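Here are my notes on this model, point by point. Please read them with the coordinates open.

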Amino acid sequence: MVNLAVADLFDTPILPGLATSENFISAAEERALIALIGDCELTPFQFQQWTGKRLTCSFGWKYDFGTGCFAPAEPIPDWLLPLKAKAAGFAGLDPTDLVQALLIRYDPGAGIGWHRDRPVFEHVVGVSLGQTARMRFRRRSGTKFERAYVPLQPRSIYHLSGESRNEWEHSIACVDAVRWSITFRSLTRAKGLPLSDLTS
Ligand SMILES: O=C(O)CCC(=O)C(=O)O
Ligand SMILES: [Fe+2]
């Protein structure tokens with residue numbers, strides 16, 4: 001195992017294409033968002049026979065890991081639109097680029113395993129609520145992994161693009177108190193491929 005970088009300071013870019021910022025929203029906004037997420041119907045993440053401990057709800061587009069289908073979902077609700085616009089501003093995107101919103105609640109003991117986000121999505125912009133979590137990154141280097149870590153503080157935002165999004169996998173270590181995240185994503189620009197070719 002090679003420890004490439006450990007981020008001790010938030011706001012320090014540790015990987016190309018990874019941007020983070022603390023205090024992106026206020027404590028009052030955080031409380032309001034947590035309450036609004038509480039009003040949504042979150043369901044356990046399903047992957048084939050396996051039911052994850054985290055609860056999710058997708059808007060705009062959803063990817064069903066059970067069927068492998070990528071499909072339109074309920075529109076992004078109005079209460080998420082100001083946050084979406086602000087998140088787009090942070091990422092240097094137009095708010096209309098962010099066509100998917102994913103709400104996640106991680107109860108104690110829940111995390112997310114190693115993955116890269118589905119290729120149908122391009123930019124990934126995430127806001128953290130409730131509890132600090134450790135986002136881990138790894139990239140194969142010969143027979144070993146290069147690794148990097150970033151603490152995701154409540155009320156902070158991150159933007160994954162470029163190398164950090166495409167070349168590195170990420171995961172979230174299991175939390176010991178409830179954490180919520182709101183992730184906005186853009187769709188991969190056409191590249192001449194039909195959507196069905198991007199959902200693999
Ligand atoms: O909870 C988060 O901030 C990250 C979630 C994630 O990596 C994903 O849904 O692909
Ligand atoms: Fe992810």
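1. Where is Arg155 found? Arg155 sits in the loop between strand E11 (144-152) and strand E12 (157-160). Keep in mind that this is a predicted model. The phi of Arg155 is positive, near 75 degrees, and the residue is not a glycine.

2. Asn23 counts as exposed because it has 12 C-beta neighbours inside 10 Å.

3. Now the fold overall. The protein chain has four helices and 14 strands. Of its 200 residues, 30% are buried. Take the contacts between residues at least 6 apart in sequence: 76% of them join residues at least 24 apart.

4. Next, the ligand shell. Around ligand 1 stand Leu102, Ile104, Ile112, Asp117, Gly126, His170, Ile172, Ser181 and Thr183. Sorted by class, this shell holds four nonpolar, four polar and one charged residues. Which strands each supply at least two residues of the shell? They are strand E7 (98-106), strand E13 (169-172) and strand E14 (179-187).

5. Last, the annotation. UniProt lists residues 97-188 as "domain: Fe2OG dioxygenase", in an unreviewed entry. In the model, that span is 5% helix and 62% strand. The end C-alpha atoms of residues 97-188 lie 10 Å apart.

Notes: Residues are numbered from 1 along each chain as its sequence is written. Chains are lettered from A and ligands numbered from 1 in the order in which they are written. This is a predicted model: local features need pLDDT of at least 70, side-chain atom pairs count only at pLDDT 80 or more; totals for chains, interfaces and linings use all residues. A residue is buried if 20 or more other C-beta atoms lie within 10 Å of its own, exposed if 12 or fewer, and partly exposed in between; C-beta atoms are placed from the backbone. Two residues are in contact if their C-beta atoms, placed from the backbone, lie within 7 Å. A residue is near a molecule or strand if its C-beta atom, placed from the backbone, lies within 6 Å of it. Ala, Val, Leu, Ile, Met, Phe, Trp, Tyr, Cys and Pro count as nonpolar, Asp, Glu, Lys and Arg as charged, and the others, Gly among them, as polar. UniProt positions are given in the numbering used here, feature names are shortened, and annotations may be inferred rather than shown by experiment.
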